[in-house]
Amino acid sequence: MSEIEDIKKEINLIKERKKKVEEVLRRVGLWDFRNHYPHQLSGGMKQRTSLAYSQLTQNFCLWMNLFLLWIFKQGISCKNFYLRYGKNSTKPLFM
């Protein structure tokens, strides 16, 4: 693939992403508030923002659910998981 084709592909991906964001914001009723700052939104609007964000990041949420399922199947509580595999741990995550 040439550089120009690669750039065109990236531009198309960006356009698709913008369309998806617009679609989700319209669905949750926040399209008219897209340029507002968080402190300018009500509590319900912030909740809808979270809902919109979760719809845009479904793949990540699916991965996180599978990851948490793996933790619970190992019989590890979240607190023990953090203590065992926390930020500064050198232990491998998956055994």
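Glu10 lies in helix α1, which covers residues 3–27. The model discussed here is a predicted one.

Student: What makes Glu10 partly exposed?
Tutor: Partly exposed is the class between under 20% (buried) and over 50% (exposed) relative accessible area. Glu10 has 41% relative accessibility, so Glu10 counts as partly exposed.

Student: Which residues form the negative surface patch with Glu10, and what makes the patch negative?
Tutor: The patch is formed by Glu3, Glu5, Asp6 and Glu10.

Student: How do you know that the span of α1 is close to the expected one?
Tutor: The expected span is 1.5 Å times one less than the number of residues. For α1, with 25 residues, the expectation is 36 Å, and the helix reaches 36 Å from its first C-alpha to its last. What follows α1 is Gly29, whose phi is positive, near 80 degrees.

Student: Why is the contact of Glu22 and Arg26 called a salt bridge?
Tutor: The definition asks for a side-chain nitrogen of Lys or Arg within 4 Å of a carboxyl oxygen of Asp or Glu. The N to O distance for Glu22 and Arg26 is 3.0 Å, so the pair qualifies under the 4 Å cut-off. Side chains of opposite charge can pair when their charged atoms come close.

Student: How are Glu22 and Arg26 placed in helix α1?
Tutor: They are four residues apart in α1, and therefore separated by about one helical turn. An α-helix has 3.6 residues a turn, so residues three or four places apart point the same way.

Student: What makes Glu22 and Arg26 partly exposed?
Tutor: The limits are 20% and 50%. Glu22 has a relative accessible area of 29%, so Glu22 is partly exposed. Arg26, at 48% relative accessibility, therefore counts as partly exposed.

Student: How many salt bridges does a search of the whole structure find?
Tutor: The search finds two. One of them is that of Glu22 and Arg26. Glu23 and Arg27 both lie in α1, four residues apart, about one turn of the helix. Glu23 is partly exposed, with a relative accessible area of 41%, and Arg27 is partly exposed at 48%.

Student: Where is Phe33, and is Phe33 buried or partly exposed?
Tutor: Phe33 is found in the loop between α1 and α2 (43–56). Buried would require under 20%; Phe33 has a relative accessible area of 31%, so Phe33 is partly exposed. The C-alpha atoms of Phe33 and Met45, 12 residues apart along the chain, are separated by 9.1 Å.

Student: What is the pattern of the chain?
Tutor: Read along the sequence, the pattern is α-α-α-α, with four helices and zero strands. Of its 95 residues, 18% count as buried.

How values were computed: Residues are numbered from 1 along each chain as its sequence is written. This is a predicted model: local features need pLDDT of at least 70, side-chain atom pairs count only at pLDDT 80 or more; totals for chains, interfaces and linings use all residues. Side-chain values use heavy atoms; hydrogens and water are left out. Patches are made of residues with over 30% relative accessible area and no salt bridge: like charges are joined within 9 Å, nonpolar side chains (Val, Leu, Ile, Met, Phe, Trp, Tyr) within 5 Å. Accessible areas come from the Shrake-Rupley method with a 1.4 Å probe; for residues, only the protein chains shown count as cover. Lys and Arg count as positive and Asp and Glu as negative; His and the chain ends are not counted. The place of a charge is taken as NZ of Lys, CZ of Arg, CG of Asp or CD of Glu. Helices (H or I, at least four residues) and strands (E, at least two) are DSSP runs, numbered from the N terminus. Buried means under 20% relative accessible area, exposed over 50%, partly exposed in between (1.4 Å probe, protein chains only).
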